[in-house]
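Okay, everyone, thanks for coming. Let me put the structure up and then we'll walk through it.

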Amino acid sequence: MPIRLENVGIAVRDLEAAIAFFTDLGLTVLGRDTVSGEWTDTAVGLDGNHARIAMLQTPDGHGRLELFEYLHPEAIETQPTRPNEIGMHRVAFSVDNLDEALATAARHGCHPLRGVATYEDIYKLTYVRGPSGIIVMLAEALQKP
């Protein structure tokens with residue numbers, strides 16, 4: 001049975017702020033909607049599900065993020081995850097220029113958790129805390145084709 005990743009869904013507290021962050025990094029908005037009704041209750045497993053959503057895509061057309069801001073039931077605030085917690089960990093992006101990507105993230109108040117690291121002679125990378133506490137890995141290949 002063939003399988004492919006469709007998207008990664010991320011609940012956010014402020015949909016517009018999350019869209020601004022990810023589009024500044026280079027993703028494009030494919031569409032937006034407000035969803036509710038029996039079909040969403042069934043699909044998501046939440047009664048009274050009502051959310052504003054946006055689907056974003058990476059420039060290569062292969063990666064997608066579905067961002068959603070719950071209107072009902074009320075979103076539950078939790079502490080942002082840490083890198084060693086079990087569960088959804090992070091979303092990772094390859095970038096052409098890590099310094100430029102970090103400057104873009106900084107304009108949104110998002111900074112590296114600790115700093116920038118170099119993995120052997122392959123990648124320069126870092127984790128930043130994005131909107132709604134999302135951990136976002138940014139990685140620049142050091143050996144350009």
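Predicted model: local features only at pLDDT ≥ 70, side-chain atom pairs only at ≥ 80, totals over all residues.

Residues are numbered from 1 along each chain as its sequence is written, and side-chain values use heavy atoms, with hydrogens and water left out.

So, the sheet. When I say helix or strand, I mean DSSP runs numbered from the N terminus: H or I of at least four residues for helices, E of at least two for strands. Strands count as paired if DSSP finds at least two bridges between them. What is the order of the strands in the open sheet? The four strands go β1-β4-β3-β2, and the pairing is mixed. At the edges sit β1 and β2 (28–36), each pairing on one side only. Neighbouring strands are turned by 20° against each other on average, direction ignored; axes here are lines fitted to C-alpha atoms, for helices over the stretch in contact, with angles from 0 to 180 degrees between N-to-C directions.

Now, helix α1, residues 15–25, packs on that sheet and touches β2, β3 and β4, with its direction at about 5° to that of β3. Contact, by the way, is heavy atoms within 4.5 Å.

Looking at the pairings, β1 runs parallel to β4 (residues 64–72), with four bridges joining them, and Gly9 has Glu66 as its bridge partner in β4. On the other hand, β3 (residues 50–57) pairs with β4 in the antiparallel sense, over eight bridges. There, Ala51 stands opposite Tyr70.

Buried is under 20% relative accessible area, exposed over 50%, partly exposed in between, with a 1.4 Å probe and protein chains only.

On to the rings. There are three aromatic pairs. Phe22 and Phe93 have ring centres 6.1 Å apart and planes at 55°, so we call that pair tilted. The rule covers rings of Phe, Tyr and Trp (its six-membered ring) with centres within 6.5 Å; planes under 30 degrees apart are stacked, over 60 edge-to-face, the rest tilted. Phe22 is in α1 and Phe93 in β5 (residues 91–94), so the pair ties together parts 71 residues apart in sequence. Phe68 and Tyr70 make an edge-to-face pair, 5.6 Å centre to centre with 90° between the planes.

Next, the cores: sets of buried Ala, Val, Leu, Ile, Met, Phe, Trp, Tyr and Cys residues joined through side-chain atoms within 4.5 Å. The largest has 25 residues, and Phe22 and Phe93 are among those that touch the most other members. Which element gives the most to this core? That's α1, with five residues. A second, separate core of five residues includes Phe68 and Tyr70, along with Val35 and Ile53.

Last one: Thr58, in the loop between β3 and β4. Buried or exposed? Thr58 is buried, at 13% relative accessible area. Leaving out residues up to four places away in sequence, Thr58 touches Leu27, Gly63 and Phe93.
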